[in-house]
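Let's take a friendly walk through a protein model together. Keep the sequence and the 3D view side by side as you read.

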Amino acid sequence: MSTKKTPTFVIKGNARYDRHDHFYKKAKQEGFAARSVYKLDEIDSEFKLFRAGNVVVDLGCAPGSWMQYVEQKIGHAGRAYGIDLLPVKVAFSSQIRIMQGDAFAVTLKDLMGADSDDLPAVDVVISDMAPNTTGIRSVDAARSMALSERALEVAERLLRPGGHFVVKVLEGGEMKAFVEQAKGLFQSVKIKRPKSTRDGSTETFVIGLQRKAR
Ligand SMILES: C[S@@+](CC[C@H](N)C(=O)[O-])C[C@H]1O[C@@H](n2cnc3c(N)ncnc32)[C@H](O)[C@@H]1O
């Protein structure tokens with residue numbers, strides 16, 4: 001039997017990274033669906049986003065590691081609603097509702113599984129949505145920005161005053177204008193690139209704290 005290991009290095013743009021790096025292995029050991037969980041963990045450790053009993057919306061929730069983190073944080077009294085184009089295979093408890101669909105096309109009523117237009121107030125909206133990349137930087141940046149803007153729109157519609165927001169954005173281009181837009185909605189806006197972000201990636205996170213009163 002051959003003991004040769006399949007190489008796990010991946011080339012993306014100008015970056016070459018090890019797909020099975022420290023965070024990948026840690027996520028496997030700890031039972032998380034993706035290494036992305038450590039990005040949210042780091043952001044939450046710094047900004048204290050979640051509390052037991054919170055209502056959370058997770059946009060682009062597959063394969064499910066952010067939702068696993070949220071489930072632990074909000075406990076049995078909380079509720080969370082997720083959407084992704086892809087199916088989520090993780091088994092969640094009954095207060096977590098996940099739908100397969102497009103964040104651009106879904107109505108907020110469907111997203112929240114609501115019977116009426118009276119939607120529950122949401123404490124935290126998180127979005128790790130990322131487009132399928134083409135390798136053409138300007139195209140990828142524009143697609144990613146459209147997803148970030150959709151997430152901000154959902155946050156504006158659903159978040160209660162005092163609620164928080166986390167969204168992935170790509171650095172450069174329209175990011176400055178996006179941050180300015182977010183400043184209109186939140187008391188404070190922070191930018192953070194977590195340690196687990198892969199070298200060479202242009203992704204970063206915009207964090208909106210304390211939604212302003214309507
Ligand atoms: C980096 S992954 C999210 C990882 C997730 N936070 C986790 O921890 O498991 C980005 C996700 O965004 C989803 N996505 C991209 N465009 C979307 C859209 N228009 N609507 C819903 N999900 C979308 C992709 O299908 C992909 O699963």
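## Starting at Y24

Y24 sits in helix α1. Helices (H or I, at least four residues) and strands (E, at least two) are DSSP runs, numbered from the N terminus. Before going on, please note that this is a predicted model: local features need pLDDT of at least 70, side-chain atom pairs count only at pLDDT 80 or more, and totals for chains, interfaces and linings use all residues. Residues are numbered from 1 along each chain as its sequence is written.

A residue is buried if 20 or more other C-beta atoms lie within 10 Å of its own, exposed if 12 or fewer, and partly exposed in between, with C-beta atoms placed from the backbone. Leaving out residues up to four places away in sequence, Y24 touches R19 and R35; contact means that the two C-beta atoms, placed from the backbone, lie within 7 Å. Y24 and A34 are 10 residues apart along the chain, and their C-alpha atoms are separated by 7.0 Å.

## Helix α2

Now look at α2, where V37, Y38, K39 and L40 are buried. The buried residues of this helix pack against α1 (22–30), α3 and β6. After α2 comes K48, which has a positive phi, near 50°.

## The enclosed strand β3

Five of the five residues of β3 are buried, so this strand is largely enclosed by the rest of the structure. In a regular strand the side chains alternate between the two faces of the sheet. In β3, V55, V57 and L59 lie on one side and V56 and D58 on the other, and all are buried.

Which strands pair with β3? It runs parallel to β4, with five bridges joining them, and parallel to β6, with four bridges. Strands count as paired if DSSP finds at least two bridges between them. V56 stands opposite A80 in β4. The chain crosses from β3 through α3 to β4 in a right-handed β-α-β crossover; right-handed means that, with the strands pointing away from the viewer, the path from the first strand over the helix to the second runs clockwise.

## The nonpolar core

In soluble globular proteins, nonpolar side chains tend to be buried together. Here the largest nonpolar core has 47 residues, and V57, V125 and A151 have the most contacts inside it. Such a core is a set of buried Ala, Val, Leu, Ile, Met, Phe, Trp, Tyr and Cys residues joined through C-beta atoms within 7 Å. Beyond its neighbours within four places in sequence, V57 is in contact with Y81, L111, V122, V125, V154 and L158.

## Antiparallel partners of β9

β9 pairs with β7 in the antiparallel sense over six bridges, and L170 has E203 in β9 as its bridge partner. Strand β8 (residues 186–192) also pairs with β9 in the antiparallel sense over six bridges. There, F186 has R211 in β9 as its bridge partner.

## Around the ligand

Which residues come nearest to the ligand? Of the 23 around it, they are S36, G60, S65, A103 and D128; a residue counts as near if its C-beta atom, placed from the backbone, lies within 6 Å. The elements giving two or more residues to this shell are α3 (65–74) and β4 (79–84).
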